[in-house]
Amino acid sequence: MPCFSANLVDRHWLAPGILEIRLTRPEGVTFIPGQFLRFVMDGYERDYTMVSTPDAETIDFCIAVVNGGRFSCDIQKAGIDDTLQLTGPHGHFVFQGSANPSVFVATGTGVAPFVAFCRSGVDAGLLLHGVGTSDRLIYRDILQSGLGGYVPCISRPFEKMDLQDNAFAGRVTNYLEQHLKPDTYDFYLCGRGAMIRDVTAVIDQQFSASRLFIETYD
Ligand SMILES: Cc1cc2nc3c(=O)[nH]c(=O)nc-3n(C[C@H](O)[C@H](O)[C@H](O)COP(=O)(O)OP(=O)(O)OC[C@H]3O[C@@H](n4cnc5c(N)ncnc54)[C@H](O)[C@@H]3O)c2cc1C
């Protein structure tokens with residue numbers, strides 16, 4: 001896979017512990033919403049899913065900053081205008097579209113591909129976004145206004161305010177078990193492996209005729 005260079009043009013906090021970075025988009029570099037790029041760093045590589053659309057001026061990512069994480073650390077130290085090496089686009093986690101209703105399930109920055117879907121015109125589908133506290137509901141406005149349904153699933157609400165609007169107090173698995181009506185769906189799951197495992201078990205149990213598309217972040 002050929003390597004290309006892009007410059008870091010912006011970096012800011014989206015939420016506590018979550019950075020958004022923007023890179024220049026070199027001419028000819030394109031992708032399908034939902035795909036990811038691989039950052040080729042000094043001695044290691046990391047994958048990140050684009051939240052921007054393929055025709056945008058910059059290529060944007062949201063990055064959960066992990067304590068002691070190599071990329072988490074290096075990207076905070078990188079200077080604006082620094083050149084980064086990447087390969088890609090990679091991956092097949094793209095919107096399929098079918099007669100089945102779509103259910104998008106994300107935890108944390110696993111929402112990235114659904115932001116790209118939404119920004120590129122996918123307007124059907126229900127998104128469940130699992131977070132610990134409501135201050136981690138990144139891209140809330142875009143997702144709430146762009147998709148057919150948007151339910152923040154807040155596992156550790158710290159006050160009543162957290163549960164305003166259509167928020168659900170609990171994990172995405174609890175919402176699926178208790179509130180999603182029986183049907184045959186296209187499920188798209190993105191996030192850490194533990195969530196993917198737990199949600200897959202619920203789907204097998206309650207929505208077994210459904211189709212399942214998965215992007216695991218670890
Ligand atoms: C296809 C793909 C797409 C991805 N897209 C994104 C994306 O858009 N945004 C994003 O934030 N991440 C994404 N990831 C995860 C990303 O590639 C890194 O694994 C993650 O950012 C940690 O990298 P690091 O170098 O900072 O930490 P590392 O040095 O790799 O890890 C340090 C420690 O932290 C743990 N850890 C790693 N991630 C987390 C986490 N989220 N929460 C808690 N502990 C963690 C590791 O298990 C390890 O013990 C994606 C992964 C894949 C495979």
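## Basis of the description

Because the model is predicted, local features are given only where pLDDT is at least 70 and side-chain atom pairs count only at pLDDT 80 or more, whereas totals for chains, interfaces and linings use all residues. Residues are numbered from 1 along each chain as its sequence is written, and side-chain values use heavy atoms, with hydrogens and water left out.

## The parallel sheet

Six strands make up an open sheet with parallel pairing, in the order S10-S9-S8-S7-S11-S12. Strands here are DSSP runs of E with at least two residues, numbered from the N terminus, and two strands pair if DSSP finds at least two bridges between them. At the edges stand strand S10 (168-169) and strand S12 (211-216), each of which pairs on one side only.

Within this sheet, strand S7 (residues 102-107) pairs with S8 in the parallel sense, over five bridges. Phe-104 stands opposite Leu-127 in S8, while the bridge partner of Val-103 in S8 is Leu-126.

Strand S8 is largely enclosed by the rest of the structure, because six of its six residues are buried; buried means under 20% relative accessible area, computed with a 1.4 Å probe and the protein chains only. In a regular strand the side chains alternate between the two faces of the sheet. In S8, Leu-126, Leu-128 and Gly-130 point one way, Leu-127, His-129 and Val-131 point the other way, and all are buried.

Gly-130 belongs to strand S8, which spans residues 126-131, and has a relative accessible area of 9%. When residues up to four places away in sequence are not counted, Gly-130 touches Ala-106, Thr-107, Gly-108, Cys-153 and Val-172, where contact means heavy atoms within 4.5 Å. Gly-130 and Leu-189 are 59 residues apart in sequence, and their C-alpha atoms are 11 Å apart in space.

## The antiparallel strands

Strand S1 (residues 3-15) runs antiparallel to strand S6 (residues 83-90), and five bridges join them; the bridge partner of Phe-4 in S6 is Leu-86. Strand S1 is also joined by six bridges to strand S2 (residues 18-24), again in the antiparallel sense, and here the bridge partner of Leu-8 is Leu-23 in S2. The hairpin of S1 and S2 has two residues between the strands, and in this hairpin Gly-17 takes a positive phi near 80 degrees.

## The ligand site

Around the ligand there are 19 residues, of which Arg-46, Asp-47, Tyr-48, Phe-71 and Ser-72 come nearest; a residue counts as near if one of its heavy atoms lies within 4 Å of the molecule. A polar side-chain atom of Arg-46 lies 2.7 Å from a ligand oxygen atom, and a backbone N or O atom of Thr-49 lies 3.1 Å from an oxygen atom of the ligand. A polar backbone atom of Cys-62 is 2.9 Å from a nitrogen atom of the ligand. On its own the ligand has 950 Å² of accessible area, of which the protein covers 70%, the areas coming from the Shrake-Rupley method with a 1.4 Å probe.

## Cysteines without disulfides

A search of the whole structure finds zero disulfides, a disulfide being a pair of cysteine sulfur atoms within 2.5 Å.

Notes. Helices (H or I, at least four residues) and strands (E, at least two) are DSSP runs, numbered from the N terminus. Buried means under 20% relative accessible area, exposed over 50%, partly exposed in between (1.4 Å probe, protein chains only). A polar contact is a pair of N or O atoms within 3.5 Å; within protein, one must be able to donate a hydrogen and the other to accept it, and residues adjacent in sequence count only if both atoms are side-chain atoms.
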